[in-house]
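I opened this notebook to record what I looked up in one protein structure. The entries run from the whole chain to its details.

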Amino acid sequence: MKIKKKRSSRIQSKLIKYIWICVIPLIILFSIAIARLYVYYQEYDLLVRNITSANEYNMSFKQSMDEMMYRIIIGSANWTNAVEKLEDEDPKALISEAVTHFEELKSKTTEDNVRTDLTALIKLLGILDERVDDILKNVEEGGHYDENMEMLDMNIRTLTSLIQEDIQKYIYDEAHNMEMLRRQVASSLLNTIRIIIVTLLVILAAIFFLSRRLSERITEPITELVSATERFASGDFTVSYQLSSNDEMETLADSFNSMVKEIENLIEDIHREQEISKDAELRLLQEQINPHFLYNTLDAIVWAAEAGENQKAIQIIKELSSFFRISLSKGRSQITIRDEREHIKNYLEIQRYRYQDILDYEIDISEDILGYNIQKLTLQPVVENAIYHGIKNKRGGGKIRVEGYLVEDRPEEIEFRIIDNGIGMKEEELERLRELISGKKEVALQAGADEAGAGSELSVSPVSKEVNGFGMANVEKRIEMMYGSGYGMTVDSTYGEGTTVTIRIPVVKEETEVM
């Protein structure tokens, strides 16, 4: 059988050409911007790691060295007996480790002031090493107690104080360099934004020009074909559309003429049959983080930074980073209850930055259960539902309390309770939410679909046409699939007082999940 070669599309080629003309400048621009940001990130990351590592020595080196030498002098650390000598009480090793560390920092830095700081610091460590040798030699010889104590006070402690001061100066200079880098990044970002705006304006102008030109070659034949189609739809089977464009439109016109002729010959023999089928489709029960939550959180970070509240902005970023780290969990479906507690704490802290006037919370999860496993995103959707459909709809401040503990009469079970003092639900609202969560009836789902299709909006807030209860229904479904029908969720609510959601799961010991 002869295989017909696929015909290339001239219209498609034109469209692709015009698209690439617009897209290539953007790709180049964003590639340059990403490359520059990556370089800045590498520099920033190096500064942070240098400061962090130096700060560890700043906090512990002097105390460790002074205490170690004192113990060696008084004989508490048996320096002269190689068998009983402790590995973690070797001042020479401590100094050698510090010299190696600061030599490495010196090799990486490109700033003259930082290099000077490190050179002085390494020199002081060398002097300290010599003074330590003097004391260790006296200790090995025996006696010299008073002399060693005097050398400890006059030499060792003085040198460690100077070393600590040099470390602090190094940290200060690196922090100054970090601030200079931040200003450079800010300036570069502003310039990049200006360039992007100008480029976008140029591309928009090009798109406007090209679209007008393209419309003359594509839309006019299509409009004529639409007109012929409308005549055909009105019952004129004698309509014919002729076009010579040597592209897909000509093929389309020929196909249209052939179709009209065939329909004209067969129209009397065709009896249309219509079937109305209603297929019940299972909704994908997969919890998704509301993108508006991310957008609003990023807005809060920007507002805090613009207001000069840098610590607040940093804290929000830390909470958001931890929130997404646990949300991803390296693809694992189960995490520890400790991580789940941290997850909802991050979420509530971020929300409290936004709703600080109306939102308060309390988390009381027993320490006894923190090491057990739980399905990821079990509590967060319920807490989110409490905020958006309980606290926000109440006038005045509201509070959410999250409890977790082993069931007293069934220690093999864990119970969580999410309690809010929000607006609560009326009896019919509560019943429809329970039906949605249980999945035993599709009343709430069908009513939502029917009324949404009619252009109306449900009056029941938890199961409106956006079906806001699906996050909780998702939790219930996943619990049932993982642990069986004996576990799951119950909801109790009183209108005007608040809502309590109770979740029961079995005790599952923490195990390493196979990826």
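Entry 1, basis. I worked from a predicted model, in which local features need pLDDT of at least 70 and side-chain atom pairs count only at pLDDT 80 or more, while totals for chains, interfaces and linings use all residues. Residues are numbered from 1 along each chain as its sequence is written, and side-chain values use heavy atoms, with hydrogens and water left out.

Of its 515 residues, 37% count as buried, that is, under 20% relative accessible area with a 1.4 Å probe, protein chains only. I looked next at contacts (heavy atoms within 4.5 Å): among those between residues at least 6 apart in sequence, 71% join residues at least 24 apart.

A nonpolar core is a set of buried Ala, Val, Leu, Ile, Met, Phe, Trp, Tyr and Cys residues joined through side-chain atoms within 4.5 Å. The largest has 48 residues, and Ile418 is one of those with the most contacts inside it. Helix α8 (residues 337-354) gives the most to this core, with six residues. Apart from it lies another core of 38 residues, including Tyr57 and Ile156.

Which residues of α7 are buried? Among them are Ala313, Glu319, Phe323 and Ser327.

Technical notes: Buried < 20%, exposed > 50% of the residue type's maximum accessible area, 1.4 Å probe, protein only. Helix = DSSP H or I, 4+ residues; strand = E, 2+ residues; numbered from the N terminus.
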